[in-house]
Amino acid sequence: MNKNKILIITYYWPPAGGPGVQRWLKFVKYLPEFGIEPIVYCPENPNYPILDESLVNEVSENITILKQPISEPYGWASLFSKGKSNKISSGVIPKPKKQTIVEKAMLYVRGNFFIPDARKNWIKPSVEFLAQYIKEHSISTIITTGPPHSLHIIGLQLKTNLSVKWFADFRDPWTTIGYHKDLKLTASSKAKHVELEQNVLNTADHIIVTSHHTKNEFQTKTKQPITVITNGYDKHNNSIEGKDDKFTLSHIGSLLSERNPLVLWETLSELIEENTEFSDVFRLQLIGVVSDDVVESIHQFGLKNHLDVVGYVSHDDAIKFQMKSQLLLLIEIDSEDTKAIIAGKVFEYLIAETPILALGPKDADVEKIITTTNTGTYFNYNQKAELKSQLLTYFEAFQNKTLKVNAIGLQPYSRKALTEKLSQLIKDN
(Lines give C-alpha, C1' and ligand atoms only; values in the text may rest on other atoms or scores of the structure.)
Protein backbone atom coordinates (compact mmCIF):
# COMPACT_ATOMS: atom_id res chain seq x y z
CA MET A 1 0.00 0.00 0.00
CA ASN A 2 1.19 3.53 -0.84
CA LYS A 3 0.92 5.65 2.31
CA ASN A 4 1.65 8.85 0.39
CA LYS A 5 -1.48 8.51 -1.79
CA ILE A 6 -4.95 9.32 -0.49
CA LEU A 7 -8.26 9.03 -2.31
CA ILE A 8 -10.67 11.91 -1.65
CA ILE A 9 -14.32 11.16 -2.42
CA THR A 10 -16.29 14.37 -2.86
CA TYR A 11 -19.46 15.46 -4.59
CA TYR A 12 -18.57 19.16 -4.86
CA TRP A 13 -15.68 19.97 -7.18
CA PRO A 14 -15.08 22.76 -9.71
CA PRO A 15 -16.99 24.03 -11.60
CA ALA A 16 -19.32 23.75 -8.58
CA GLY A 17 -19.82 27.07 -6.86
CA GLY A 18 -20.80 27.83 -3.28
CA PRO A 19 -19.15 26.91 0.02
CA GLY A 20 -19.21 23.12 -0.36
CA VAL A 21 -16.38 23.06 -2.88
CA GLN A 22 -13.87 25.30 -1.10
CA ARG A 23 -12.75 23.03 1.75
CA TRP A 24 -11.32 20.16 -0.26
CA LEU A 25 -10.29 22.28 -3.21
CA LYS A 26 -7.87 24.03 -0.83
CA PHE A 27 -6.76 20.87 0.98
CA VAL A 28 -5.91 19.31 -2.38
CA LYS A 29 -4.02 22.46 -3.35
CA TYR A 30 -1.65 22.27 -0.36
CA LEU A 31 -1.40 18.54 0.48
CA PRO A 32 1.47 17.91 -1.99
CA GLU A 33 3.59 20.45 -0.07
CA PHE A 34 3.37 18.11 2.93
CA GLY A 35 4.33 14.96 1.07
CA ILE A 36 0.86 13.62 0.31
CA GLU A 37 -0.49 12.93 -3.18
CA PRO A 38 -4.27 13.51 -3.35
CA ILE A 39 -6.42 11.70 -5.88
CA VAL A 40 -9.91 13.19 -6.27
CA TYR A 41 -13.05 11.22 -7.14
CA CYS A 42 -16.13 13.26 -8.11
CA PRO A 43 -19.22 13.04 -10.37
CA GLU A 44 -18.87 13.30 -14.12
CA ASN A 45 -22.26 14.90 -14.78
CA PRO A 46 -23.47 16.47 -11.49
CA ASN A 47 -26.50 18.69 -11.12
CA TYR A 48 -24.78 21.57 -9.30
CA PRO A 49 -27.29 24.29 -8.33
CA ILE A 50 -24.52 26.90 -8.51
CA LEU A 51 -21.58 27.08 -10.94
CA ASP A 52 -18.35 29.06 -10.67
CA GLU A 53 -16.10 28.39 -13.66
CA SER A 54 -13.32 30.53 -12.17
CA LEU A 55 -12.59 27.81 -9.59
CA VAL A 56 -11.48 25.41 -12.35
CA ASN A 57 -8.31 27.50 -12.63
CA GLU A 58 -7.38 26.59 -9.05
CA VAL A 59 -7.10 22.88 -9.82
CA SER A 60 -3.52 21.82 -10.54
CA GLU A 61 -2.89 19.90 -13.76
CA ASN A 62 -0.77 17.49 -11.68
CA ILE A 63 -3.76 16.25 -9.66
CA THR A 64 -5.40 12.99 -10.72
CA ILE A 65 -9.17 13.51 -11.07
CA LEU A 66 -11.38 10.43 -11.37
CA LYS A 67 -14.97 10.85 -12.56
CA GLN A 68 -17.95 8.54 -12.85
CA PRO A 69 -21.51 9.32 -14.04
CA ILE A 70 -24.17 10.08 -11.44
CA SER A 71 -27.94 9.78 -11.66
CA GLU A 72 -29.77 12.46 -9.66
CA PRO A 73 -33.50 13.12 -9.15
CA TYR A 74 -33.09 16.87 -9.59
CA GLY A 75 -32.79 16.30 -13.32
CA TRP A 76 -36.27 14.85 -13.74
CA ALA A 77 -37.68 17.03 -10.96
CA SER A 78 -36.70 20.11 -12.95
CA LEU A 79 -39.09 18.96 -15.68
CA PHE A 80 -41.92 19.91 -13.32
CA SER A 81 -40.32 23.06 -11.97
CA LYS A 82 -36.68 23.87 -12.66
CA GLY A 83 -36.70 26.91 -10.38
CA LYS A 84 -38.14 25.02 -7.40
CA SER A 85 -35.82 22.07 -8.01
CA ASN A 86 -32.71 24.26 -8.03
CA LYS A 87 -33.78 26.14 -4.91
CA ILE A 88 -34.41 22.95 -2.94
CA SER A 89 -31.14 21.50 -4.23
CA SER A 90 -29.27 24.57 -2.97
CA GLY A 91 -31.00 24.42 0.43
CA VAL A 92 -33.50 27.25 0.07
CA ILE A 93 -36.73 25.71 1.39
CA PRO A 94 -39.85 27.91 1.63
CA LYS A 95 -41.73 28.14 4.92
CA PRO A 96 -44.35 25.36 5.26
CA LYS A 97 -47.32 27.75 4.91
CA LYS A 98 -45.96 29.07 1.60
CA GLN A 99 -45.04 25.74 0.03
CA THR A 100 -46.91 24.82 -3.14
CA ILE A 101 -48.27 21.31 -3.69
CA VAL A 102 -45.33 20.65 -6.02
CA GLU A 103 -42.81 21.82 -3.40
CA LYS A 104 -44.42 19.71 -0.66
CA ALA A 105 -44.38 16.65 -2.91
CA MET A 106 -40.76 17.23 -3.91
CA LEU A 107 -39.68 17.58 -0.27
CA TYR A 108 -41.56 14.44 0.76
CA VAL A 109 -40.07 12.40 -2.07
CA ARG A 110 -36.59 13.81 -1.43
CA GLY A 111 -36.83 13.05 2.30
CA ASN A 112 -38.32 9.57 2.22
CA PHE A 113 -37.35 7.98 -1.08
CA PHE A 114 -33.76 9.22 -1.23
CA ILE A 115 -32.02 8.24 2.01
CA PRO A 116 -29.61 9.54 3.05
CA ASP A 117 -29.92 12.07 0.20
CA ALA A 118 -30.53 12.59 -3.49
CA ARG A 119 -27.11 11.20 -4.45
CA LYS A 120 -27.79 7.69 -3.14
CA ASN A 121 -27.83 6.21 -6.66
CA TRP A 122 -24.12 7.03 -6.94
CA ILE A 123 -23.17 4.69 -4.07
CA LYS A 124 -23.21 1.31 -5.84
CA PRO A 125 -21.39 2.29 -9.08
CA SER A 126 -18.85 4.29 -7.08
CA VAL A 127 -18.05 1.40 -4.74
CA GLU A 128 -17.61 -0.96 -7.71
CA PHE A 129 -15.33 1.44 -9.57
CA LEU A 130 -13.27 2.57 -6.57
CA ALA A 131 -12.77 -0.91 -5.12
CA GLN A 132 -11.01 -1.92 -8.32
CA TYR A 133 -9.05 1.35 -8.51
CA ILE A 134 -7.87 1.08 -4.89
CA LYS A 135 -6.58 -2.45 -5.47
CA GLU A 136 -4.83 -1.59 -8.72
CA HIS A 137 -3.11 1.51 -7.34
CA SER A 138 -2.35 0.24 -3.82
CA ILE A 139 -4.14 3.09 -2.04
CA SER A 140 -4.18 2.77 1.75
CA THR A 141 -6.25 5.81 2.81
CA ILE A 142 -9.62 7.17 1.68
CA ILE A 143 -11.45 10.31 2.80
CA THR A 144 -15.14 10.96 2.30
CA THR A 145 -16.61 14.42 2.80
CA GLY A 146 -20.28 15.20 3.32
CA PRO A 147 -22.91 16.38 3.00
CA PRO A 148 -24.13 14.79 0.84
CA HIS A 149 -23.81 11.92 3.30
CA SER A 150 -24.23 9.31 0.57
CA LEU A 151 -20.49 9.73 0.12
CA HIS A 152 -19.95 8.44 3.66
CA ILE A 153 -21.91 5.33 2.69
CA ILE A 154 -19.43 4.86 -0.16
CA GLY A 155 -16.65 5.05 2.43
CA LEU A 156 -18.50 2.67 4.74
CA GLN A 157 -18.80 0.00 2.06
CA LEU A 158 -15.20 0.39 0.89
CA LYS A 159 -13.97 0.14 4.50
CA THR A 160 -16.07 -2.97 5.05
CA ASN A 161 -14.83 -4.70 1.89
CA LEU A 162 -11.20 -3.56 1.73
CA SER A 163 -8.25 -3.09 4.04
CA VAL A 164 -8.14 0.72 3.90
CA LYS A 165 -7.90 3.50 6.45
CA TRP A 166 -11.03 5.66 6.31
CA PHE A 167 -11.45 9.29 7.42
CA ALA A 168 -15.04 10.62 7.41
CA ASP A 169 -15.10 14.41 7.09
CA PHE A 170 -18.31 16.15 8.21
CA ARG A 171 -18.61 19.72 6.94
CA ASP A 172 -22.01 19.83 8.67
CA PRO A 173 -23.78 17.56 11.19
CA TRP A 174 -26.09 14.82 9.88
CA THR A 175 -29.29 14.08 11.79
CA THR A 176 -29.26 17.35 13.75
CA ILE A 177 -28.83 19.66 10.75
CA GLY A 178 -31.60 22.28 10.63
CA TYR A 179 -33.16 21.37 7.28
CA HIS A 180 -33.87 17.76 8.33
CA LYS A 181 -37.11 18.84 9.96
CA ASP A 182 -38.20 20.41 6.66
CA LEU A 183 -37.92 17.16 4.68
CA LYS A 184 -41.24 15.73 5.93
CA LEU A 185 -39.50 12.56 7.15
CA THR A 186 -41.61 9.65 8.34
CA ALA A 187 -40.68 7.89 11.59
CA SER A 188 -39.07 5.04 9.66
CA SER A 189 -37.06 7.48 7.52
CA LYS A 190 -35.77 9.27 10.62
CA ALA A 191 -34.78 5.92 12.10
CA LYS A 192 -32.93 5.00 8.92
CA HIS A 193 -30.91 8.23 9.04
CA VAL A 194 -29.97 7.55 12.66
CA GLU A 195 -28.94 3.99 11.79
CA LEU A 196 -26.78 5.09 8.86
CA GLU A 197 -25.18 7.86 10.91
CA GLN A 198 -24.33 5.39 13.67
CA ASN A 199 -22.80 2.94 11.19
CA VAL A 200 -20.59 5.64 9.69
CA LEU A 201 -19.51 7.11 13.03
CA ASN A 202 -18.67 3.71 14.50
CA THR A 203 -16.90 2.28 11.44
CA ALA A 204 -14.71 5.16 10.26
CA ASP A 205 -11.17 4.97 11.61
CA HIS A 206 -11.16 8.71 12.29
CA ILE A 207 -13.81 11.42 12.12
CA ILE A 208 -13.06 15.01 11.11
CA VAL A 209 -15.49 17.83 11.95
CA THR A 210 -15.49 21.58 11.40
CA SER A 211 -16.68 22.71 14.85
CA HIS A 212 -16.34 21.83 18.53
CA HIS A 213 -20.11 21.57 18.95
CA THR A 214 -20.23 18.85 16.30
CA LYS A 215 -17.35 17.07 18.02
CA ASN A 216 -19.23 17.17 21.32
CA GLU A 217 -22.38 15.82 19.65
CA PHE A 218 -20.55 12.97 17.92
CA GLN A 219 -18.69 12.01 21.09
CA THR A 220 -22.06 10.99 22.55
CA LYS A 221 -22.58 8.66 19.58
CA THR A 222 -19.20 7.01 19.04
CA LYS A 223 -15.91 6.18 20.73
CA GLN A 224 -13.93 6.64 17.52
CA PRO A 225 -11.33 9.47 17.55
CA ILE A 226 -12.62 12.88 16.41
CA THR A 227 -10.52 15.86 15.30
CA VAL A 228 -11.69 19.41 14.67
CA ILE A 229 -10.27 20.98 11.52
CA THR A 230 -12.21 24.12 10.73
CA ASN A 231 -12.64 25.72 7.35
CA GLY A 232 -10.29 28.59 6.69
CA TYR A 233 -9.09 31.41 4.47
CA ASP A 234 -6.65 31.39 1.60
CA LYS A 235 -4.41 34.16 0.35
CA HIS A 236 -5.62 36.01 -2.74
CA ASN A 237 -4.45 38.77 -5.06
CA ASN A 238 -7.71 40.71 -5.24
CA SER A 239 -7.50 44.45 -4.74
CA ILE A 240 -9.95 47.36 -4.67
CA GLU A 241 -9.57 51.08 -5.27
CA GLY A 242 -11.37 51.93 -2.06
CA LYS A 243 -14.32 51.22 0.21
CA ASP A 244 -17.90 51.99 -0.79
CA ASP A 245 -19.06 55.58 -0.38
CA LYS A 246 -22.30 54.22 1.07
CA PHE A 247 -22.58 52.68 4.54
CA THR A 248 -22.96 49.18 3.11
CA LEU A 249 -23.91 46.21 5.23
CA SER A 250 -23.28 43.15 3.05
CA HIS A 251 -24.21 39.51 3.45
CA ILE A 252 -22.34 37.08 1.19
CA GLY A 253 -23.81 33.60 0.81
CA SER A 254 -27.19 31.88 0.92
CA LEU A 255 -30.02 33.32 3.02
CA LEU A 256 -32.49 30.54 3.73
CA SER A 257 -36.09 31.11 4.77
CA GLU A 258 -35.32 30.43 8.44
CA ARG A 259 -32.17 32.57 8.38
CA ASN A 260 -34.26 35.70 8.56
CA PRO A 261 -33.34 37.99 11.51
CA LEU A 262 -36.45 40.10 11.97
CA VAL A 263 -34.80 41.85 14.91
CA LEU A 264 -32.11 43.20 12.58
CA TRP A 265 -34.56 44.39 9.92
CA GLU A 266 -36.62 46.09 12.66
CA THR A 267 -33.52 47.75 14.11
CA LEU A 268 -32.38 49.03 10.72
CA SER A 269 -35.89 50.33 10.03
CA GLU A 270 -35.84 52.30 13.29
CA LEU A 271 -32.41 53.77 12.56
CA ILE A 272 -33.57 54.90 9.13
CA GLU A 273 -36.66 56.56 10.65
CA GLU A 274 -34.73 58.21 13.48
CA ASN A 275 -31.51 59.23 11.76
CA THR A 276 -31.64 61.13 8.47
CA GLU A 277 -27.89 60.91 7.94
CA PHE A 278 -28.04 57.14 8.39
CA SER A 279 -30.99 56.87 5.99
CA ASP A 280 -29.18 58.88 3.29
CA VAL A 281 -26.20 56.53 3.03
CA PHE A 282 -27.30 53.12 4.33
CA ARG A 283 -27.33 50.20 1.89
CA LEU A 284 -28.14 46.54 2.58
CA GLN A 285 -26.46 44.24 0.04
CA LEU A 286 -27.36 40.56 -0.29
CA ILE A 287 -24.90 38.65 -2.47
CA GLY A 288 -25.87 35.03 -3.16
CA VAL A 289 -29.03 32.91 -3.26
CA VAL A 290 -31.75 34.61 -1.21
CA SER A 291 -35.11 33.19 -0.15
CA ASP A 292 -38.21 35.08 -1.25
CA ASP A 293 -39.36 34.98 2.40
CA VAL A 294 -36.30 36.98 3.46
CA VAL A 295 -36.78 39.61 0.76
CA GLU A 296 -40.47 39.91 1.67
CA SER A 297 -39.61 40.47 5.36
CA ILE A 298 -37.10 43.18 4.47
CA HIS A 299 -39.71 44.94 2.36
CA GLN A 300 -42.27 44.71 5.18
CA PHE A 301 -39.92 46.67 7.43
CA GLY A 302 -39.71 49.47 4.88
CA LEU A 303 -36.19 48.70 3.69
CA LYS A 304 -37.00 48.12 0.02
CA ASN A 305 -35.36 51.34 -1.17
CA HIS A 306 -32.19 50.49 0.77
CA LEU A 307 -31.93 46.90 -0.47
CA ASP A 308 -29.74 45.60 -3.27
CA VAL A 309 -30.11 41.88 -4.07
CA VAL A 310 -27.05 41.10 -6.20
CA GLY A 311 -27.52 37.35 -6.60
CA TYR A 312 -24.77 34.77 -6.99
CA VAL A 313 -21.33 36.02 -8.08
CA SER A 314 -18.01 34.29 -8.67
CA HIS A 315 -15.72 33.60 -5.73
CA ASP A 316 -13.31 36.36 -6.78
CA ASP A 317 -16.15 38.88 -7.03
CA ALA A 318 -17.47 37.79 -3.63
CA ILE A 319 -14.08 38.60 -2.10
CA LYS A 320 -14.14 42.04 -3.72
CA PHE A 321 -17.61 42.70 -2.29
CA GLN A 322 -16.28 41.74 1.15
CA MET A 323 -13.36 44.13 0.82
CA LYS A 324 -15.43 47.05 -0.49
CA SER A 325 -18.25 46.83 2.07
CA GLN A 326 -18.26 48.87 5.26
CA LEU A 327 -19.71 46.03 7.36
CA LEU A 328 -20.07 42.29 6.76
CA LEU A 329 -23.23 40.60 7.94
CA LEU A 330 -23.18 37.07 9.35
CA ILE A 331 -26.51 35.43 10.21
CA GLU A 332 -27.30 32.07 11.75
CA ILE A 333 -30.66 30.64 12.74
CA ASP A 334 -31.48 31.15 16.41
CA SER A 335 -31.48 27.46 17.33
CA GLU A 336 -29.62 24.98 19.48
CA ASP A 337 -28.98 22.94 16.33
CA THR A 338 -27.05 25.76 14.62
CA LYS A 339 -24.45 26.37 17.33
CA ALA A 340 -22.15 23.97 15.48
CA ILE A 341 -22.49 25.73 12.13
CA ILE A 342 -19.48 27.81 11.08
CA ALA A 343 -20.14 29.09 7.58
CA GLY A 344 -17.14 28.86 5.28
CA LYS A 345 -17.40 32.56 4.47
CA VAL A 346 -16.59 33.42 8.10
CA PHE A 347 -12.91 32.78 7.52
CA GLU A 348 -12.80 34.89 4.37
CA TYR A 349 -14.60 37.60 6.31
CA LEU A 350 -11.73 37.50 8.82
CA ILE A 351 -9.17 38.73 6.28
CA ALA A 352 -11.42 41.20 4.43
CA GLU A 353 -10.32 44.06 6.72
CA THR A 354 -14.00 44.80 7.24
CA PRO A 355 -15.84 44.59 10.60
CA ILE A 356 -18.23 41.67 11.05
CA LEU A 357 -21.71 42.14 12.49
CA ALA A 358 -23.01 38.70 13.50
CA LEU A 359 -26.31 37.37 14.86
CA GLY A 360 -26.86 33.86 16.11
CA PRO A 361 -27.58 31.60 19.08
CA LYS A 362 -25.81 32.11 22.38
CA ASP A 363 -22.46 30.29 22.85
CA ALA A 364 -22.13 29.30 19.19
CA ASP A 365 -18.69 28.25 17.95
CA VAL A 366 -18.56 31.16 15.52
CA GLU A 367 -18.99 33.65 18.40
CA LYS A 368 -15.69 32.50 19.89
CA ILE A 369 -13.89 32.86 16.55
CA ILE A 370 -15.09 36.42 16.00
CA THR A 371 -14.38 37.44 19.58
CA THR A 372 -10.89 35.92 19.86
CA THR A 373 -9.77 37.33 16.49
CA ASN A 374 -11.12 40.81 17.29
CA THR A 375 -12.82 40.96 13.89
CA GLY A 376 -16.31 42.10 14.84
CA THR A 377 -19.24 41.89 17.21
CA TYR A 378 -21.69 39.07 17.92
CA PHE A 379 -25.26 39.37 19.19
CA ASN A 380 -28.04 37.03 20.24
CA TYR A 381 -31.53 37.60 18.90
CA ASN A 382 -32.77 39.13 22.18
CA GLN A 383 -30.08 41.84 22.24
CA LYS A 384 -31.87 44.44 20.17
CA ALA A 385 -30.74 47.47 22.21
CA GLU A 386 -27.10 46.35 22.12
CA LEU A 387 -27.35 45.64 18.39
CA LYS A 388 -28.78 49.09 17.69
CA SER A 389 -26.11 50.78 19.79
CA GLN A 390 -23.33 48.91 17.97
CA LEU A 391 -24.72 49.81 14.55
CA LEU A 392 -24.68 53.48 15.58
CA THR A 393 -21.10 53.11 16.82
CA TYR A 394 -20.07 51.60 13.48
CA PHE A 395 -21.93 54.35 11.62
CA GLU A 396 -20.20 57.12 13.57
CA ALA A 397 -16.83 55.49 12.83
CA PHE A 398 -17.81 55.37 9.14
CA GLN A 399 -18.63 59.09 9.22
CA ASN A 400 -15.31 59.84 10.89
CA LYS A 401 -13.44 57.56 8.44
CA THR A 402 -12.14 55.45 11.34
CA LEU A 403 -14.13 52.26 10.68
CA LYS A 404 -11.52 49.49 10.54
CA VAL A 405 -10.46 46.12 11.95
CA ASN A 406 -7.44 45.24 14.07
CA ALA A 407 -7.50 41.47 13.65
CA ILE A 408 -5.36 39.16 15.79
CA GLY A 409 -4.58 35.43 15.81
CA LEU A 410 -5.66 34.62 12.24
CA GLN A 411 -2.77 32.34 11.22
CA PRO A 412 -4.26 29.07 12.61
CA TYR A 413 -7.18 29.53 10.21
CA SER A 414 -5.06 29.78 7.05
CA ARG A 415 -5.77 27.00 4.54
CA LYS A 416 -2.11 26.04 4.48
CA ALA A 417 -1.87 25.73 8.28
CA LEU A 418 -5.07 23.66 8.36
CA THR A 419 -3.76 21.40 5.59
CA GLU A 420 -0.58 20.83 7.57
CA LYS A 421 -2.77 19.71 10.50
CA LEU A 422 -4.68 17.38 8.18
CA SER A 423 -1.49 15.94 6.68
CA GLN A 424 -0.09 15.20 10.12
CA LEU A 425 -3.34 13.48 11.09
CA ILE A 426 -3.12 11.28 7.98
CA LYS A 427 0.54 10.40 8.63
CA ASP A 428 -0.06 9.60 12.30
CA ASN A 429 -2.81 7.14 11.40
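Begin by selecting aspartate 234 and lysine 29, whose side chains are joined by a polar contact of 2.9 Å. A polar contact here is a pair of N or O atoms within 3.5 Å; within protein, one must be able to donate a hydrogen and the other to accept it, and residues adjacent in sequence count only if both atoms are side-chain atoms. The model is a predicted one, in which local features need pLDDT of at least 70 and side-chain atom pairs count only at pLDDT 80 or more, while totals for chains, interfaces and linings use all residues. Residues are numbered from 1 along each chain as its sequence is written, and side-chain values use heavy atoms, with hydrogens and water left out.

Aspartate 234 lies in the loop between β7 (226–228) and β8 (247–252); helices (H or I, at least four residues) and strands (E, at least two) are DSSP runs, numbered from the N terminus. Is aspartate 234 buried or exposed? Aspartate 234 is buried, with a relative accessible area of 11% (buried means under 20% relative accessible area, exposed over 50%, partly exposed in between, with a 1.4 Å probe and protein chains only). Beyond four places in sequence, the residues that aspartate 234 touches include Ile351 and Arg415, where contact means heavy atoms within 4.5 Å.

**The whole chain**

Zoom out. The chain has 15 helices and 13 strands, and 55% of its 429 residues count as buried. Among contacts with a separation of 6 or more, 75% are between residues 24 or more positions apart.

**Aspartate 205**

Next select aspartate 205, in the loop between α6 (187–203) and β6 (206–209). Its side chain makes a polar contact of 2.8 Å with the side chain of lysine 159. Proline 225 is 20 residues away from aspartate 205 in sequence, with 7.4 Å between their C-alpha atoms.

**The nonpolar cores**

Show Leu7, Ile154, Leu158 and Phe170, the residues with the most contacts inside the largest nonpolar core, which has 62 residues. Such a core is a set of buried Ala, Val, Leu, Ile, Met, Phe, Trp, Tyr and Cys residues joined through side-chain atoms within 4.5 Å. Helix α4 (residues 123–136) gives the most to this core, with 6 residues. A second, separate core of 33 residues includes Leu264, Phe282, Val295 and Leu307.

Helix α10 (residues 292–300) is the next selection; among its buried residues are Val294, Val295 and Ile298. The buried residues of α10 pack against α8 (262–274), β9 (282–287) and β10 (307–311). At the start of α10, a side-chain oxygen of serine 291 comes to within 3.1 Å of the backbone nitrogen of aspartate 293. Just after α10, glycine 302 has a positive phi of about 75 degrees.

**Aromatic pairs**

Rings of Phe, Tyr and Trp (its six-membered ring) pair if their centres lie within 6.5 Å; planes under 30 degrees apart count as stacked, over 60 as edge-to-face and the rest as tilted. The count by this rule is 16 aromatic pairs. Select tyrosine 11 and tyrosine 48, an edge-to-face pair at 5.4 Å centre to centre with 80 degrees between the planes. Tyrosine 11 and tyrosine 48 are both buried.

Move to phenylalanine 347 and tyrosine 413, a tilted pair because their planes stand at 40 degrees, with ring centres 5.5 Å apart. This pair links distant parts of the chain: phenylalanine 347 belongs to helix α12 (residues 345–350), and tyrosine 413 to the loop between α14 (384–399) and α15 (415–428). Phenylalanine 347 is buried at a relative accessible area of 0%, and tyrosine 413 is buried at 17%.

**Backbone details**

Select proline 14 and proline 15, joined by a cis peptide bond with omega near 15 degrees. Another cis peptide bond joins isoleucine 115 and proline 116, with omega about 10 degrees.

End at lysine 401, in the loop between α14 and α15. Lysine 401 has a positive phi of about 60 degrees although it is not a glycine, and it is exposed, with a relative accessible area of 78%.
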